[in-house]
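Subject: Structure for you to look at, with notes on the backbone

Dear colleague,

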Amino acid sequence: MKLIYSLLLILSGFAFTNAQKTYTVEGTVQDFHDKTMLENSTVKIGDYTTKTDKKGKFSFNNIPAGKYQLIAKHPLCDDYTENVGVDRDLHLAITLEHHIGDIETVTIHGSHKTKGSVIMRTLDKTEIERNSTENLGNLLTRISGVTALKTGNNISKPVIRGLYGSRISILNNGVKMAEQEWGVEHAPNIDVNDFEHIDVIKGAAALKYGNEGVGGVVVLEPAVLPKRDTIMGSLKLSGISNGRGGEIAANVAKTWENQWFVKTGGSYRKTGDQYVPHHTLQNTGQEFNSFNFSFGKHSFLQGFDVSYSGINQEFGIYKGAHLSSPEDFYNAVNFGQPFYLDDFTYDIDNPKQQVEHHIAKLSAYRRFADFGKLTFQYSFQLNRRKEFDIRRGELSDLPSMDLRLITHSASLIHLIERSNWSLESGISAAFQDNFPNPATKARRLIPDYYRYDSGVFSVFKYKFNSKLNAEAAVRYDFSRYDAYKYYDSEKWEDYYADIFPEFFVNESGSRTLTRPILDYHNFSANVGLDYKPTQNFEFKLNLSRADRSPNAAELFSDGLHHSAAVMEEGNLNIKKETVYNVNLSLAGQFNVLKGLHIEANPYLMISDNFVNQIPTSVMNTNRGVFPVWTYQQIKARIYGIDADAELSILDNLKWKSGFSILKGDDLSNNEPLILMMPARLRNSVELTLNKPKNLYIALENENSFKQNRFPIRDLPVTFIKDGVERNEIVDFSSTPAAFTIFNASVGADLIKNLNLNFRINNIFNVEYKEYLNRLRYYMYEPGRNFVVTLKYNF
C-alpha cells in the first residue's frame with residue numbers, strides 16, 4: 001500500500017507540474033507588401049498584451065499552455081486574428097495589410113503628399129462640382145500652366161505648357177483615351193461628372209502611362225467606394241443662361257461589406273446658340289449625353305472590375321467661319337466683319353460634328369506576400385466621328401467625314417515594394433483600326449490604317465532617408481502604321497515616289513494608290529529627385545527624354561477639316577519626335593498670417609525634330625475659302641515658369657494665385673513658335689462660413705496678356721472687286737488684345753444633403769478673343785453666363 005501511495009503522489013506531482021508549464025511566444029509584425037517592420041503594433045494573446053519595438057519584434061514570457069486568440073493591430077491596417085495553441089515555445093511572423101504604405105500610383109488626392117518627383121496639380125471634388133457644366137479642356141485651365149486649344153466655344157482640349165493633341169495622354173479610369181486626338185477640334189470625350197479628382201502631371205515624368213505624353217498626362221479617377229453595406233448617390237440639376245440650356249446628372253452605387261460593388265450614372269446637357277457681347281452666334285448649340293456602368297469586387301489581396309462608359313456629343317460649328325469667297329475671308333480676318341443673324345435657336349445645322357465614344361474595360365489584380373502585386377487590364381474603345389459640311393441637295397444629310405476608330409489595348413503590370421524601394425514594371429500592347437467611310441463622297445482626310453503598338457517599362461523608386469527620394473524609369477515602345485492612301489499622282493511623283501518607291505501599289509487616272517508601312521522604335525527615360533530638407537521646404541528635379549511616334553494627321557492628312565474650317569496637309573517624311581525635358585519645383589511654407597504656401601515650377605523643353613503645324617496658303621474650293629495648314633519638322637525650344645501661391649488670411653478666408661508664362665522658339669526658322677500660350681494670371685478670394693452649412697463666397701479674376709511673340713504667317717488672296725482684280729494680304733498672324741474677366745460664385749447646403757451653387761462667368765460681359773481659339777478670326781468668346789446647380793446627395 002505504501003508503494004501504491006508513493007506512485008500516486010509522484011503521478012499527481014507530474015500532473016501538477018505539467019499544468020503549471022509555461023512557454024514563450026515571440027515574433028515580428030511586418031507590412032504585407034513592402035515587408036516593413038511595424039513599430040508600436042499592439043499584439044494580444046488571451047489577456048496578455050504587448051507592443052512591438054522599433055524592429056517590429058514582440059515577446060511574451062510565461063504564457064501557460066492552452067488555446068488562445070491572437071490579435072495584432074496597427075494604425076491604418078486591417079486587424080490580424082488567429083487561433084493559436086501554446087504547447088511549446090512559438091515564433092510567429094505576422095503580416096498586416098498596411099494600406100498607408102501603398103505607393104502603387106503616382107497620383108495624389110486632396111492634401112495627400114506624393115513621394116515621387118513628378119510635378120503635379122490636382123483638381124479636387126469641390127472644384128469639379130462647382131464647375132461641372134464645363135468641358136474638360138475649359139475646366140483644366142484653372143491649373144497654372146494649362147490652357148485650352150479651342151475650335152469655337154464648345155470644343156476645347158487641354159494644352160500643357162504649349163503642347164497639346166497626341167502629346168497629352170488622358171487616362172480615363174485607367175484607360176488611355178484613343179479618340180483621334182490628333183485634331184485641334186477633337187475635344188476629349190469626357191464627362192467630368194464621373195470623377196472625384198483630376199490630376200495633371202506636367203512633363204514626360206510618368207512613363208508608366210506611355211511614351212506619347214511628352215507634354216503631360218491627365219489622370220481622371222472616380223471616387224473610391226466604401227467597403228460597407230450602403231447605397232449612395234446624387235442627383236444634380238443645372239441651369240445655364242448662355243445658350244438657355246441645362247444639365248441633369250445622376251449616379252448611384254450599391255456596396256456590400258464583402259467588398260462587392262455595382263454603380264451606374266449618366267448625364268444629359270443641351271444648350272442653344274451661344275451669346276457673345278451684343279450678338280448671338282448662329283449654329284453654336286450643343287447636345288451631350290453620357291452613361292456609365294460598372295461592377296466588381298475590390299479587396300486588399302485581390303479584386304476585379306468590369307466597366308462600360310459611353311458618350312454622345314453633337315456640336316454646331318459657327319457658320320461665320322465657313323466663308324464663300326476670298327473677299328469674305330479677307331474682310332472677316334482683317335476687318336472683323338462677322339456673320340451674325342442674332343436669331344436664337346436650339347437647332348444644330350450644318351456645319352456640325354457628331355461624336356460617339358464607347359469604352360469597355362476589364363481589370364483584375366492579385367497581391368502575393370513575397371512576389372508583389374500583379375495587375376491585368378484589357379480595354380476596348382470605339383470612336384465614331386461624323387463631320388457635316390454645308391452641302392447642297394442630296395448631299396446635305398451626308399457627312400463629309402465619317403471616321404470609325406477601334407482600339408484594343410492590354411497591359412500586365414507588376415509592382416513590388418520594400419521598406420525603402422519599389423519597382424514597377426509592365427508590358428502593354430495595342431491595336432487600332434481606322435476606317436474612313438467612302439460613302440461620304442468626299443476626299444478622305446485620314447486614310448484607312450492599322451496601327452500596332454507594344455511597349456515595356458520599368459520604374460524604380462528609392463528612399464535614401466526621410467528627406468531624400470529618387471526614381472528612375474526606362475521605356476521602349478514599338479509602333480507600326482499599315483495604311484492605304486490615295487495621293488494625287490502629281491504630288492506623289494514630286495514628293496514621295498523617289499523616297500518611298502516600295503509603297504506604290506497602282507495608279508488609277510490622276511490618283512496613285514499607296515500602302516505606307518512605317519515602323520518606329522521609341523526609347524524614353526526619366527530620372528528624378530525629391531528632397532525635403534525641412535518640413536516647410538521641398539525641392540524636386542526631373543529630367544526626361546521621350547520619343548513620340550508621329551500621329552496619323554501629321555503623316556497622312558490631306559483635305560478639308562470641316563470642323564476646324566481649315567485645309568490640312570500631312571507629310572510622309574516626318575520622323576519620330578524626341579523631346580528633352582527639365583522640370584524643377586521649389587515649394588515653401590511660410591508663417592505669414594495663417595500660413596503662406598508658394599511653389600515655382602521652371603521648365604525647359606528642347607527638340608531637334610519637333611512636329612509643327614503652320615498656315616502656308618489659302619485655298620479657294622467649291623465648298624468655300626479655307627487656310628491651308630501644313631505639318632513640318634523643326635528644331636524647337638520651349639521654356640517657362642508656372643507659379644502658385646496660397647495665403648490663409650484668416651481661418652476662413654483664403655487667397656489663391658496662379659501665374660504662367662512661356663516662350664517658344666522655332667530655332668530652324670529663327671522665329672517664335674505658333675500657338676504658344678500667352679502669359680496668364682489667375683487670382684481668387686474665398687470666404688467660408690458655417691451658417692448656413694458649407695457656405696462659401698468666391699471671387700475670381702482671370703488675366704490673359706497679349707502674346708507679342710508670334711511668327712508672321714500672313715496669307716495672300718486674290719479676288720475681283722468692282723471689276724478690278726485685287727491682290728491682298730490676310731493678317732493671319734496678329735494676336736488678340738489682352739483681357740481681364742471676373743467670375744463669382746456662392747454656394748451652401750440649403751438643408752441636409754441638398755446643396756445650391758450659383759456662379760457668374762464674365763460678370764462684366766467683356767468682349768474678348770482668345771489667341772488659342774482657332775476660330776478667333778470670326779468670333780468672340782462667350783459673354784456673361786449664369787449657372788445655377790442644385791445637387792441632392794443620398
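The notes below concern peptide bonds and backbone angles.

Please keep in mind that this is a predicted model, and that the values that follow were computed from it.

I will begin with the cis peptide bonds. One of them joins Asn350 and Pro351, with omega at about 0 degrees, and Pro351 belongs to the loop that runs between α4 (326–335) and β22 (352–368). Another cis peptide bond links Lys691 to Pro692, where omega is about -10 degrees; here the proline, Pro692, is located in the loop between β39 (680–689) and β40 (695–704).

I then turned to phi. Gln259, although not a glycine, has a positive phi of about 80 degrees, and this residue is placed in the loop between β16 (245–255) and β17 (260–271). A positive phi also occurs at Asn762, likewise a residue other than glycine, with a value near 55 degrees, and Asn762 sits in the loop between β44 (754–761) and β45 (785–793).

Is Asn762 buried or exposed? Its relative accessible area is 2%, and because buried means under 20%, Asn762 counts as buried.

How values were computed:
Residues numbered from 1 in each chain as written. Predicted model: local features only at pLDDT ≥ 70, side-chain atom pairs only at ≥ 80, totals over all residues. Heavy atoms only, no water. Helix = DSSP H or I, 4+ residues; strand = E, 2+ residues; numbered from the N terminus. Buried < 20%, exposed > 50% of the residue type's maximum accessible area, 1.4 Å probe, protein only.
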